[in-house]
Amino acid sequence: MASPPAVPRLPPHDPRTPALSVVDMHTGGEPLRIVLAGCPEVVGPTLLAKQRYMRQHLDHVRRRLMFEPRGHRDMYGAVLVPSELPGAHLGVLFLHNEGYSSMCGHAVLALGRFALDFGLVPAPPAGAREALVNIHCPCGLVAAFVECEGGRSGGPVRFHSVPAFALATDLLVDVPSHGKVVVDIAYGGAFYAFVSAEKLGLDVCSTKTRDLMDAASAVTEAVKAQFKINHPDSEDLAFLYGTILTDGKDAYSEEPTTNICVFADEQVDRSPTGSGVTARIALQYHKGLLELNQTRAFKSSATGSVFTGKAVREVKYGDFKAVIVEVSGQAHYTGTASFIVEDDDPLRDGFLLK
């Protein structure tokens with residue numbers, strides 16, 4: 001049998017459709033597929049305009065990378081674009097099974113490493129132990145701090161969030177099959193509903209993921225139907241991204257508190273959810289359960305992975321007393337790939353199973 005070629009080459013494909021080259025990473029088990037090449041230019045004067053353009057004109061790129069057969073219903077992605085903000089090293093559009101997100105903490109943690117290792121930011125000075133990567137997310141500018149040695153990333157990454165705040169507390173929502181449920185809503189670059197799983201008759205640590213997913217999705221739909229989300233700056237950001245079920249341990253403790261996030265179209269986060277940790281810290285601070293610079297650990301009920309978070313300073317954001325939150329976690333590389341399309345493939349743009 002002949003040996004395969006030493007240099008990898010692409011199999012037959014439609015020459016009119018460039019291959020999509022990606023780097024795959026994960027943060028606490030949650031995947032991130034970063035597009036290196038092959039995505040057409042994303043047009044727009046601002047990052048939010050670019051997100052609208054991609055949704056309207058380039059959504060096939062998202063579907064091809066997130067959906068089967070190249071991805072799966074819980075895949076997550078990032079398309080890097082230029083930013084209009086002074087000081088930003090890169091802009092990013094976040095992709096998931098339903099569309100596009102305003103913020104993604106696990107992705108920011110991974111992109112910090114990626115940006116340093118792939119030369120998207122200036123090399124840190126000799127002897128520097130940390131590199132700054134300013135990432136323009138749809139929700140705003142997020143500063144990532146990447147541990148490094150010899151100019152290469154290694155170890156955990158931390159980021160400082162956009163202003164995070166509690167939008168509503170002790171909101172009574174009628175959830176089908178569960179009755180009246182008390183819910184909190186908070187913002188950490190995206191809006192989440194928070195509820196103790198115990199109030200739904202579940203245990204976030206031992207209940208089957210499918211049952212947690214169904215309950216969280218029911219809460220999300222109920223909140224969307226019964227409560228209007230408002231954002232101080234932009235209607236593009238005024239939507240409920242998902243629901244986070246917790247173990248109810250909101251009071252400060254040195255022990256980790258466990259949660260699971262269900263977002264978009266019943267997508268389950270494998271990590272503790274970076275923007276969810278941000279919002280949950282803001283909520284705990286708002287309730288007087290947490291002081292500035294008190295670090296809490298947040299554990300994923302899906303994988304057991306842990307992020308840490310703390311409120312580092314108060315800020316005013318519109319009419320809200322908000323906080324800047326620092327979240328830390330570890331990202332890892334998992335591989336690279338080049339994805340192609342054949343012109344006669346009826347499933348070229350992907351599919352999802354329900």
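Predicted model: local features only at pLDDT ≥ 70, side-chain atom pairs only at ≥ 80, totals over all residues.
Residues are numbered from 1 along each chain as its sequence is written, and side-chain values use heavy atoms, with hydrogens and water left out.

Back to β1 and its partners. Strands pair if DSSP finds at least two bridges between them; β1 (residues 20-27) and β2 (residues 30-37) run antiparallel and are joined by 7 bridges. Their hairpin has 2 residues between the strands, and glycine 28 takes a positive phi near 60 degrees there. β1 is also antiparallel to β18 (residues 331-339), with 8 bridges, and valine 23 stands opposite threonine 336 in that strand. Of the 8 residues in β1, 6 are buried (under 20% relative accessible area; exposed is over 50% and partly exposed in between, using a 1.4 Å probe and protein chains only).

Now for the cysteines. With a disulfide taken as a pair of cysteine sulfur atoms within 2.5 Å, the count is 0. Cysteine 137 isn't in a disulfide either, as the nearest cysteine sulfur, in cysteine 139, lies 5.0 Å off. Cysteine 104 is buried at 5% relative accessible area, and cysteine 137 is buried at 0%.

The whole structure holds 3 cavities of 30 Å³ or more; a cavity is a set of points on a 1 Å grid over the protein atoms alone where a 1.4 Å probe fits but cannot get out, and lining residues have an atom within 4 Å of a point. The largest cavity has about 70 Å³ of space, a volume being the space filled by probe spheres set on points joined across faces, edges and corners. Its lining has 13 residues, and the closest to the centre are Cys104, Tyr192, Asp269, Thr273 and Ser275. Two or more lining residues come from each of α3 (105-117), β13 (257-263) and α5 (274-286).

The second largest cavity has about 50 Å³ of space. Its lining includes Ala164, Phe165, Tyr285 and Lys321, and β9 (165-175), α5 and β17 (320-329) each supply at least two residues.

How values were computed
1 Å grid on protein atoms, 1.4 Å probe; cavity = no way out; pocket = protein on both sides within 12 Å on 5 of 7 lines; lining within 4 Å. Helix = DSSP H or I, 4+ residues; strand = E, 2+ residues; numbered from the N terminus.
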